[in-house]
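The stops below can be selected one after another.

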Amino acid sequence: MSVTQLSDSAQNYLKIIFSLNEWSDEAVSPTVIAEKAGVKLSTVSGAMSKLRQQGLLNHAPYGAVSLTALGREYAVTMVRRHRLIETFLVQMLGYRWDQVHEEAEQLEHAVSDFMVQRIDELLGYPTRDPHGDPIPTAEGAISFPAATLLAQAKPGQKVRVERISDADSELLQYFSENGIIVGAQLNIATGEPFSDTLEVTANGEPTVIRLGARATEAVWVSPLDSTD
């Protein structure tokens, strides 16, 4: 069996489980999967049972869900398709980064492995998608940037944006309007007392941008030294 023999929903579930564990160590539960997929818990429970029978995941009753080696292989294949398509839409068709997720969700099930390979070649074998997520190689290798949440950055620190969650298109638009994109350099300052905000300036611009938890928990950064 190959990933193309799975239903679209099965492919989605494998990709969701992988993505939930990609930037977090928290256990993945059927409830979280249902929230992410936008379906009922009972629907997810039935799907998890079927995927377990196919040898694609491990799931004990009331326990966490994890991918088997084969399940991970298929999930990575779908992640690769999704992120290459997103990159293609931005670089070649002029989509904004907040427009590509839903398009890629549809197209990833329809493209052939040959088309994915040709897209990869055309783009020059990119390693990151427009949001900074790593693009797996054809062999399934993934190179993650050393990054932590912006929420954990310290005042006075200078950081580079490595990854921005694509879960909220309105937030992506806001970031773009304020120069907070992958590769941007941010200077960190403390927000007003008791405001639960972080103040940043982007790319040397003087404008102060005040970010709340919704924003600082959607951005991953790496520290820069004083010479950068």
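Predicted model: local features only at pLDDT ≥ 70, side-chain atom pairs only at ≥ 80, totals over all residues.

Residues are numbered from 1 along each chain as its sequence is written, and side-chain values use heavy atoms, with hydrogens and water left out.

**Stop 1: the largest pocket.** Select I16, S19, L20, K36 and R163, which lie nearest the centre of the largest pocket among its 31 lining residues. A pocket here is an open set of points on a 1 Å grid over the protein atoms alone, where a 1.4 Å probe fits, with protein on both sides within 12 Å along at least five of seven lines; lining residues have an atom within 4 Å of a point. The volume is about 860 Å³, counted as the space filled by probe spheres set on the points, which are joined across faces, edges and corners.

Now colour α1 (8-22), α2 (30-37), α4 (69-93) and α5 (100-107), the elements that give two or more residues to this lining. Helices are DSSP runs of H or I with at least four residues, strands are runs of E with at least two, and both are numbered from the N terminus. The most comes from α1, with eight residues. By class, the lining has 13 nonpolar, seven polar and 11 charged residues (nonpolar: Ala, Val, Leu, Ile, Met, Phe, Trp, Tyr, Cys and Pro; charged: Asp, Glu, Lys and Arg; polar: the others, Gly among them).

**Stop 2: the second largest pocket.** Select T77, R80, D113, T137 and A138, which lie nearest the centre of a pocket lined by 21 residues. It holds about 370 Å³ of space. Both α4 and α6 (113-122) supply at least two lining residues, and α4 gives the most, with seven.

**Stop 3: T68.** Go to the loop between β2 (65-67) and α4 to find T68. T68 is buried, at 17% relative accessible area (buried is under 20%, exposed over 50%, partly exposed in between, with a 1.4 Å probe and protein chains only). Show the backbone oxygen of G55, which lies 2.7 Å from a polar atom of the T68 side chain.

**Stop 4: two positive phi values.** Y125 lies in the loop between α6 and β3 (148-149), and N203 in the loop between β6 (198-202) and β7 (209-211). Phi of Y125 is near 55°, a positive value in a residue other than glycine; for N203, phi is also near 55°. Y125 is exposed at 52% relative accessibility, whereas N203 is partly exposed at 42%.

Definitions and conventions
Polar contact = N/O pair within 3.5 Å; in protein donor to acceptor, adjacent residues only side chain to side chain.
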